[in-house]
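Q: I am new to this structure. Please take a close look at one part of it and walk me through what is there.

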Amino acid sequence: MPVLSCHRAGLPDGRQVGFYPKINRGFWVFLSLFIKYDNLKDVNKLVFVSNRLPFTIVKRKGSFHLQPSAGGLATGLSSFYKAYQAIWVGWSGVAKEKIKGSEREKFEKRLKAENCYPVFLSQSDIENFYHGFCNKTIWPLFHYFPLYTVHSKRLWEAYKRVNEIFCDEVAKVAQEDDIIWIHDYHLMLLPQFLRDRFPEATIAFFLHIPFPSFEIFRLLPWRREILRGLLGADLIGFHTYDYVRHFLESASSLIGCEHSFGHITAENRVIRVDAFPMGIDYQRFARAAKNPKVKQEIQRIRHIVKTRNMVLSVDRLDYTKGIPQRLEAFDLFLEKNPKYKEKITLVLVAVPSRTNVEQYKLLKAELDELVGKINGKHGTIGWIPVWYLYRCLSFTSLVALYNIADVALITPLRDGMNLIAKEFIASKMDDRGVLILSEMAGAAKELGEAIIINPNNKERIVNALKEALEMKEEEQIERNKIMRRRLQRYNVVRWANDFMDRLSYVKKIQQELLVRKFTPVIKENLIRDYLKADKRLILLDYDGTLISFAEKPERASPDAQILKTLEMLTKIPGNKVVIISGRDKETLEKWFGHLKLGLIAEHGVWVREKEWEMLEPLRNDWKEEIRPILELYVDRTPGSFIEEKEFSLVWHYRKADPELAQLRARELRDALLHITGNFNLGVLEGNKVMEVKNAGINKGKAALKWVSKEKWDFILAIGDDWTDEDVFSILPPWAYSIKVGLSPSKARFNIGSLYEVRSLLKTLGEKEISHEQ
Ligand SMILES: O=P(O)(O)OC[C@H]1O[C@H](O[C@H]2O[C@H](CO)[C@@H](O)[C@H](O)[C@H]2O)[C@H](O)[C@@H](O)[C@@H]1O
Ligand SMILES: O=c1ccn([C@@H]2O[C@H](COP(=O)(O)OP(=O)(O)O)[C@@H](O)[C@H]2O)c(=O)[nH]1
């Protein structure tokens with residue numbers, strides 16, 4: 001597979017400044033340019049999975065009915081899932097004890113006609129899962145309300161159980177070659193549960209709420225389980241780049257998943273993490289005002305509102321939406337701007353939501369009181385300042401309100417996206433009207449022409465209201481035109497297509513890497529060639545290839561098993577085994593001195609055929625200049641330390657905070673760039689290490705000493721980090737070169753883990769070389 005070379009060229013005077021950025025950086029860019037793929041959704045069946053179906057079974061006046069579900073996920077996705085011919089698996093909305101037998105079958109049938117497959121949960125699961133872990137733990141925490149967050153093992157157990165139930169239900173309707181697209185925070189364990197059952201499946205996940213910053217997410221006792229659950233997916237999507245960043249930081253800090261350009265390699269699978277701001281069904285809202293029913297409704301409401309200015313506020317009744325703060329700001333606005341009295345109406349639509357959860361009950365009581373207080377304080381006979389509607393409106397009434405409103409006041413304290421803001425703008429056929437939008441809503445990233453406010457700043461909301469009510473029409477039109485064009489372009493179908501494109505792309509990358517996988521067939525071929533050969537060269541990296549990494553390098557000493565394997569290999573006539581390491585020669589001598597091995601230390605500075613010698617004469621007086629720089633970075637990066645070798649200095653940061661260390665590593669690389677050229681030095685970036693050493697020295701150059709010495713008829717080279725790439729690149733094309741881990745490499749094959757390496761070497765050591773030597 002072609003890989004971009006990232007080696008920096010030499011200086012004009014011929015000196016080398018050996019900076020070697022990690023190889024996979026360019027790789028992702030390269031792949032994205034050249035990979036061609038069919039969009040998966042054109043070929044395979046699509047299965048949506050979410051807690052809510054687009055329809056919910058509700059009990060009204062003693063009998064069950066189907067009603068459209070509230071909330072952005074259901075409204076957003078239902079506008080196109082049929083066009084995709086997707087099937088949808090989700091909770092029915094009613095406890096399984098309450099709806100039984102033929103009645104249940106009747107609803108199952110009706111839902112199936114809509115391509116929906118209901119999941120029936122018990123009353124206690126609804127309580128502990130939906131009202132419990134979902135809406136008392138994840139929802140408040142992810143919306144930055146840690147004080148509202150309940151940490152209960154019982155609720156967590158219910159969350160796991162219901163995710164398993166969903167896994168069973170999906171397994172009933174999906175095949176392994178379907179695309180399974182899981183939605184939202186209720187089902188964050190499902191990707192991995194499904195992966196365990198269908199290892200080859202195409203699984204995507206989209207989170208509709210914010211992914212909080214690491215400092216918030218880390219509060220969750222089950223944070224690692226949640227991350228691992230999500231990493232069962234091939235693609236993980238969020239509304240904004242901030243959420244992507246937060247997720248990547250948590251994955252790296254909590255479970256050590258390194259990322260590069262939005263790609264994570266976990267459990268030998270490449271996973272893509274990206275931002276996809278969800279759009280709306282633009283045309284549905286843009287055309288709505290032409291609908292006769294909507295026109296009628298507009299006239300009806302206008303007649304009641306008369307010439308008053310209308311400010312519109314629509315949300316589910318949720319503490320994340322900042323409704324009390326908004327009302328308080330409206331109260332202050334009326335106090336500060338008495339000229340607006342009797343000339344303005346705030347229409348406050350609060351859609352009942354999660355009414356079983358205590359915080360929602362408290363909020364409802366608070367709102368009732370606040371509305372009463374404001375209306376009592378400012379109202380007059382003939383003027384009610386706040387029209388309070390506690391119900392879910394029909395599409396007709398909602399778009400009528402969007403159309404009439406002069407101002408939409410949308411001030412959530414946190415919101416994953418907020419589709420209401422987008423719907424309001426899309427509905428404005430004549431481009432008139434002003435959107436006031438909280439900067440804490442994901443939508444603010446795309447609707448920058450709105451008046452953006454901090455929802456905690458009451459004075460700012462008051463000023464924004466005044467600014468909005470007094471904004472010139474030309475300015476309103478100018479702002480709205482830009483936003484409407486944007487919403488029209490990036491609508492909900494485009495959003496879903498984009499998501500599907502990314503999914504196809506990541507599957508393609510996985511396939512490309514799979515082709516290079518060290519399979520049992522390749523292993524058999526290797527063993528056959530090994531047994532056939534007379535002269536065999538085996539080049540082995542040490543850390544990460546034969547032995548796992550330890551927090552302190554000195555702890556990663558060879559165990560008895562690997563020493564035995566190496567001894568067996570060296571005793572076979574015709575074999576030459578060389579350990580090629582970045583370690584100092586004293587350590588290698590101590591560990592392997594007694595074996596008949598070739599040794600390469602300090603990434604190629606020292607070689608031992610019989611005695612230790614330098615590959616070429618080198619200086620080390622530069623260390624005095626470089627050491628203080630590294631020391632500064634040790635001070636600035638707790639947990640990092642310096643290792644000193646005869647001809648190199650190494651900054652280790654395995655134990656440091658991963659995000660901080662990555663940042664510091666970038667800074668240190670830049671700092672060193674300015675100075676290393678003067679000393680003809682190179683900087684090697686290994687696995688959580690940065691090594692400064694003489695330029696031009698590398699493992700490949702040292703390995704040549706053995707490679708070019710004889711006419712080998714079998715060569716095997718194994719390594720795990722990119723310092724081993726220099727070895728792979730000097731080998732003849734027929735040599736077996738193997739990279740440990742599933743990331744891009746110049747090696748011909750990728751092997752899953754060092755345990756597979758050890759088992760391969762053991763097999764080679766135990767094999768009888770049958771023919772005459
Ligand atoms: O299902 P409910 O408990 O009744 O809650 C309704 C939905 O609320 C949340 O909506 C989110 O999705 C929107 C679309 O992506 C987004 O604009 C909004 O910011 C989010 O809060 C929740 O995420 C859904 O799962 C619920 O169905
Ligand atoms: O009376 C109402 C109020 C809201 N909505 C819909 O509910 C969704 C709310 O989504 P949003 O992303 O704004 O917030 P969420 O409720 O999902 O947190 C929007 O699509 C609205 O059209 C509705 O159908 N009827």
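A: Helices (H or I, at least four residues) and strands (E, at least two) are DSSP runs, numbered from the N terminus. This is a predicted model, where local features need pLDDT of at least 70, side-chain atom pairs count only at pLDDT 80 or more, and totals for chains, interfaces and linings use all residues. Residues are numbered from 1 along each chain as its sequence is written, chains are lettered from A and ligands numbered from 1 in the order written, and side-chain values use heavy atoms, without hydrogens or water.

Start with the sheet. Nine strands form it, in the order β6-β5-β2-β7-β8-β9-β12-β11-β10. The sheet is open and its pairing is mixed; two strands pair if DSSP finds at least two bridges between them. Its edges are β6 (116–121) and β10 (259–260). Each of these pairs on one side only.

Now look inside the sheet. Strand β8 (residues 202–206) runs parallel to strand β9 (residues 235–238), and three bridges join them. Here F206 stands opposite G237 of β9.

Next comes helix α4 (residues 123–142). This helix lies across β2 (46–52), β5 (87–95) and β6. It runs at about 110° to β5 (axes are lines fitted to C-alpha atoms, for helices over the stretch in contact, meaning heavy atoms within 4.5 Å; angles run from 0 to 180 degrees between N-to-C directions).

The structure holds 42 aromatic pairs (rings of Phe, Tyr and Trp, the last by its six-membered ring, with centres within 6.5 Å; planes under 30 degrees apart are stacked, over 60 edge-to-face, the rest tilted). One is F133 with W222: the centres are 5.6 Å apart and the planes at 70°, so the pair is edge-to-face. F133 lies in α4 and W222 in the loop between α7 (214–217) and α8 (223–230), so the pair ties together parts 89 residues apart in sequence. Both F133 and W222 are buried (under 20% relative accessible area with a 1.4 Å probe, protein chains only; exposed is over 50%, partly exposed in between).

F330 and F333 make a stacked pair, at 6.4 Å centre to centre with 15° between the planes. Both sit in helix α12 (residues 323–336), three residues apart, about one turn of the helix.

Back to the sheet. F206 of β8 joins a cluster of ring pairs, along with F48, Y81, W88, W181, F276, W495 and F499. On edge strand β6, R104 lies over the face of F120, 4.6 Å from the ring centre (CZ of Arg or NZ of Lys within 6 Å of the centre and within 35 degrees of the ring normal).
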